[in-house]
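Here are my notes on the model, point by point. Have the structure open while you read.

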Amino acid sequence: MAAAGGESAMDVVPALAEEAAPEAAGLSCLVSLPGEVLEYILCSGSLTAADIGRVSSTCRRLRELCQSSGKVWKEQFRVRWPSLMKHYSPTDYVNWLEEYKVRQKAGLEARKIVASFSKRFFSEHVPCNGFSDIENLEGPEIFFEDELVCILNMEGRKALTWKYYAKKILYYLRQQKILNNLKAFLQQPDDYESYLEGAVYIDQYCNPLSDISLRDIQAQIDSIVELVCKTLRGINSRHPSLAFKAGESSMIMEIELQSQVLDAMNYVLYDQLKFKGNRMDYYNALNLYMHQVLIRRTGIPISMSLLYLTVARQLGVPLEPVNFPSHFLLRWCQGAEGATLDIFDYIYIDAFGKGKQLTVKECEYLIGQHVTAALYGVVNVKKVLQRMVGNLLSLGKREGIDQSYQLLRDSLDLYLAMYPDQVQLLLLQARLYFHLGIWPEKSFCLVLKVLDILQHIQTLDPGQHGAVGYLVQHTLEHIERKKEEVGVEVKLRSHEKHRDVCYSIGLIMKHKRYGYNCVIYGWDPTCMMGHEWIRNMNVHSLPHGHHQPFYNVLVEDGSCRYAAQGTAIGSLQARRVSLCPVRTACLDWRALNGHCWGSHPSTLWAPEPGSQLCSPRDALKWRL
């Protein structure tokens, strides 16, 4: 056959070799480069992970350069997820290729879970039972959290529903981890005096979406210590504190040397860095968060005292915390070591008042009352944290009725983690759940939690029988109401309260502001979401706010959204279009939200029987 075509096999082989020669020559030229140059090219940032995979399949040399624990895959990981690099030590052996795979899988799993929350978006105001899927995730939790942060950082106002639930999930995950860390911290012996660590746990729990770490806060305090050492060197160049190394816990015994440290501290903190007590905005929760105290350089007595105490101890001055009523103080011992001391053998330091040193009488004058000697005593870490959380609890009770009481909920969680048998706080927590109406539609997990709390209260204090009985009765009534509400709510377009609803189920829409295509599968005469959702979604900025019809829409990307008829969805363009070009997407939508849709003709969506029962007038419209 080859001879018949005028070309022999001997002629074909050289021709093929000639065609392959340039490609082989190029590869030969590439692999002949020095290893450092090749590594530089592969790490240049222009190659994707798939490209690196293909490169490593070409020859042995390039495969060795792209080894799983090498620099090439480390750079791929760093470029893709830079925020994760802080979790790896330079000295550790890391299989970067495997880490890349695990992180990629965690990202896909995270998006899948957020999407599942989106689908339950309108039937569960607080989908507490959905968190059980998150708790059973495989792989490092930091990978899952990192993907949630990526969703939150998506450009502009895209994917608001995803962002809303990514924020909720991230909030839950981090708080659970922090609360477990705090409980382990509280199990330390009483002589474990890391006041700063405990304060940071409180800060983290109340601000779980902020990047707060003990290491970063300690680094900021270390920089203050360096400034104090610089000033101290001018006072006494041979001061023993100047020889301390980082992490040392040595203490200076001579009172004169301690006084020099405190003088240098007062100059640096209050004159140079301008720290001061926040008298103008005293009742602000930011005054209790250590990272905010360092950023804003202001706080209240307890937070300013913890900062002052930490700096002093790092420089060898053994100050102690005093849980003084109405005004937290520190005390500085003036007596001889080993002697029997009373309250008059101490000087009391007001860190809120620029480090002013007070006598016992001046302390009483500060608060305007005489107090017993017991109130001048030193307190342990747990008591200090109890006072901090107690302050947050008081601030949480001040929140307005239109708020979600998040600070009150957080401070209750913290307080009960330290003192789980506080009857009054357990009652407050039960009332709070009841007041906020945090009852999931498809699960009674929080209802049962409230009942557990009430049963625990009854065991601790039988005298609370009346209050417990009242709450138990209302909780059980709620369960019975939910059992009765299993029927479908029928919405008639002819009803007076529905007169402003302009669009019906089955209309295919295009959003003018965000540009997505969607189809309406439900509507409400006004926004039915809670205050937290309305605030997060900035609904108040719309022309009619939440007092206008809102529509449940299924978007072409598979997500469910809740859009206003005014600026958000009032600018939608209603249209009946052929679905033939997007039939595949239609099938995907039905798979994602099959409870909403039955079969569809060539141009219109047709609601299934359940949806027809909910909005019979809309269903009739599409049957005509």
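1. Some housekeeping. This is a predicted model, where local features need pLDDT of at least 70 and side-chain atom pairs count only at pLDDT 80 or more, while totals for chains, interfaces and linings use all residues. Numbering runs from 1 along each chain as its sequence is written, and side-chain values use heavy atoms, with hydrogens and water left out.

2. Back to His291, which sits in helix 13 (residues 290-296); helices (H or I, at least four residues) and strands (E, at least two) are DSSP runs, numbered from the N terminus. Is His291 buried or exposed? It is buried, at 13% relative accessible area (buried means under 20%, exposed over 50%, partly exposed in between, with a 1.4 Å probe and protein chains only). The His291 side chain also makes a polar contact of 2.7 Å with the side chain of Asp203. Skipping residues up to four places away in sequence, His291 touches Asp203, Asn207, Ile212 and Ile217 (contact means heavy atoms within 4.5 Å).

3. Now the nonpolar cores, meaning sets of buried Ala, Val, Leu, Ile, Met, Phe, Trp, Tyr and Cys residues joined through side-chain atoms within 4.5 Å. The largest has 75 residues, and Ile224, Met265, Tyr308 and Leu319 touch the most other members. Beyond its neighbours within four places in sequence, Ile224 contacts Val268, Leu269, Leu273, Phe275, Leu294, Leu307 and Val311. Another core, of 24 residues, lies apart from it and includes Ile151, Tyr165, Leu170 and Met537.

4. Next, the open sheet: four strands in the order 3-4-5-6, paired antiparallel (two strands pair if DSSP finds at least two bridges between them). Strand 3 (320-322) and strand 6 (356-358) are the edges, each pairing on one side only. Strand 3 pairs with strand 4 (residues 329-333) over three bridges, and Pro321 has Leu330 in strand 4 as its bridge partner.

5. Finally, Ser56. This residue is in the loop between helix 3 (49-55) and helix 4 (60-65), and is buried, with a relative accessible area of 16%. Not counting residues up to four places away in sequence, Ser56 touches Leu62, Arg63 and Cys66.

Key. A polar contact is a pair of N or O atoms within 3.5 Å; within protein, one must be able to donate a hydrogen and the other to accept it, and residues adjacent in sequence count only if both atoms are side-chain atoms.
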